[in-house]
Amino acid sequence: MMVNSLNIFVSALCFATTAFAHVPPEYTPPHGLEPRAKNTGCNQLKTKYPNLISFPNTPTYTLENTNFYSGSAILSPGCVFTPKRAEEIAGALTIIRATKTSFGVRGGGHMPIAGAASTNHGVLIAMTNFNKNQLGSFGGQQVAKIGSGQRWVDVYSWLEPYNLMVIGGRYAPVGVGGLLLGGGLSYFGSVRGWAADNIINYELVTADSKILQVNANSHPDLFWALKGGSSNYGIVTRFDLKTYHRSNIYAGFSTQDANNTDHLIQAIADFVDPVHGGILDDKSALDSNLFYSSDTGTITGLSSIFYNDSVTTTPAAFVNFTNLPRISSTIAPRTFSSWLNETLIYGKTPSRKLWAATSLKATPAAAKLCAQAFISAVKNTRKFNKGTHTITWQPLSVDLVKAARAQGGDAIDLDPKDGPVLAMLLASDYADAADDAYVSSFLKQLTASIDAKAKAADLHYPFVFLNDAGAWQKTLSLYGQGKSFPRLRDVARRYDPQGVFQRLEGGLSLQGWWSGE
């Protein structure tokens, strides 16, 4: 049986059902927030779609409003709307727009930011019923047409009998929609780029209730913006993804106790070496973690390694990890399905979570700098109930960035000339809403510490991975070293001139675009 640190690790990347309603300090309600007492939007939706709307203290409302990964993301919408067709979303947006009702859109509910996928008082649009899949073709290429309300376990399991894969999430319970709209890290990035780079077509409901098929030919500007631009352009009801042959892999988890974390840090440093490291092997994918337990005061380590080949012995890219002294390991040749099931088992923990993200140039010195900043920070932290702080190294290879451009490019637009990047995830997992402010402050201070040390060492990289970002962090404005942002705003102005998805929906918006800021 895997140790508890594995449970905590995967919970930092997967879905869990929780039931808290306390709002963290970062939550900022959308503009035009409609008071609960008025609730015009919800009432009009009830009239038009009586079988698709639910209100507080009903089973559907309770189920959908607690179907989030983190308790910190749960708010109190005035009603929950559960559409089944794009046309129903289009009709709902007409009402929402006319009544200026705030709304949130929840797919898998994995983002722990309050307001990213819900709202107070307004309408929670739950995409649960967008769960249909179909194989088809687009431009002569086979595609998987995937309903946007699913989780990756649903998609991968559906494709298994066909011996096919799509490029999607690394952990089974993560939602499809949010991951793809934020770019999405996969196990195949060094060959296929971001997960979003493998989308051929989107079915999108825009702010003015049009239903569009968005691809490189029909709406090339919008197609580009959706690849990393988050929920700023409409509600995606279907993703059409390229399919690939599925093969066996070499993968698993490995855990280290407090006496061997230094060895793990060295293994990470060796892996990200841009000259000799395992990051150069385009079949390899890694995320490694240090965990601090507030209850025990100890730091432990855990790594997830993935190699996209049916090898029977450890590839050279990961020898430094499999040679580490360890508490436990599941690393072995296996099928993709067996690995998927392993990530699913540890998905549910009833707790609150907050994240932050930053990036550095991927070098051994940068990897060690992050570890030193984390260890220093947790040594000076206070205890908090059932709490853990985590730091995760997610290497982005030059091959990933080149593959993204080869697939047609995206709004994220990292530059391969900048070299490999370390996308760092900083996460906290805890039990009590009373600790929200403390945890938020801790993550901000740790991020600032890493950034300051990295800038002083000329190791900072100006990129914050949207899928891992905190509510207070800039993300979109950093894309393409700032060059993507004006274009993202222009596309939003073109398809949403009234700013419906900026003023009324939460999410990670293009702040202030309607006033030209």
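Select Cys 42 and Cys 79 to begin: both residues are buried, a term that stands for under 20% relative accessible area, with exposed meaning over 50% and partly exposed the range in between, using a 1.4 Å probe and protein chains only. The model is a predicted one, in which local features need pLDDT of at least 70 and side-chain atom pairs count only at pLDDT 80 or more, while totals for chains, interfaces and linings use all residues. Residues are numbered from 1 along each chain as its sequence is written, and side-chain values use heavy atoms, with hydrogens and water left out.

Stay with this pair and show the sulfur atoms, which are 2.1 Å apart and form a disulfide, defined as a pair of cysteine sulfur atoms within 2.5 Å. The torsion about the S-S bond of Cys 42 and Cys 79 is about -85°, so the disulfide is left-handed. It links distant parts of the chain, since Cys 42 belongs to helix H2 (residues 40-48) and Cys 79 to strand E2 (residues 79-81), 37 residues apart; helices (H or I, at least four residues) and strands (E, at least two) are DSSP runs numbered from the N terminus. A search of the whole structure finds 1 disulfide.

Next, select Phe 103 and Phe 501. Their rings form an edge-to-face aromatic pair, at 5.4 Å centre to centre and with 85° between the planes; rings of Phe, Tyr and Trp (its six-membered ring) pair if their centres lie within 6.5 Å, with planes under 30 degrees apart counted as stacked, over 60 as edge-to-face and the rest as tilted. Because Phe 103 lies in strand E3 (residues 103-106) and Phe 501 in helix H16 (residues 500-503), the pair ties together parts that are 398 residues apart in sequence. Phe 103 is buried, at a relative accessible area of 0%, and Phe 501 likewise counts as buried at 0%.

Then move to Arg 382, which lies over the face of Tyr 438, 4.1 Å from the ring centre; for such an arrangement, NZ of Lys or CZ of Arg must be within 6 Å of the ring centre and within 35 degrees of the ring normal.

Finally, select helix H12 (residues 364-379) and helix H14 (residues 436-456), which pack at an angle of about 145° with their axes 10 Å apart; the axes are lines fitted to C-alpha atoms, for helices over the stretch in contact, and angles run from 0 to 180 degrees between N-to-C directions. Among the residues in contact (heavy atoms within 4.5 Å), Cys 370 and Phe 374 belong to H12, and Phe 442 and Leu 446 to H14. Cys 370 counts as buried, at 0% relative accessibility.
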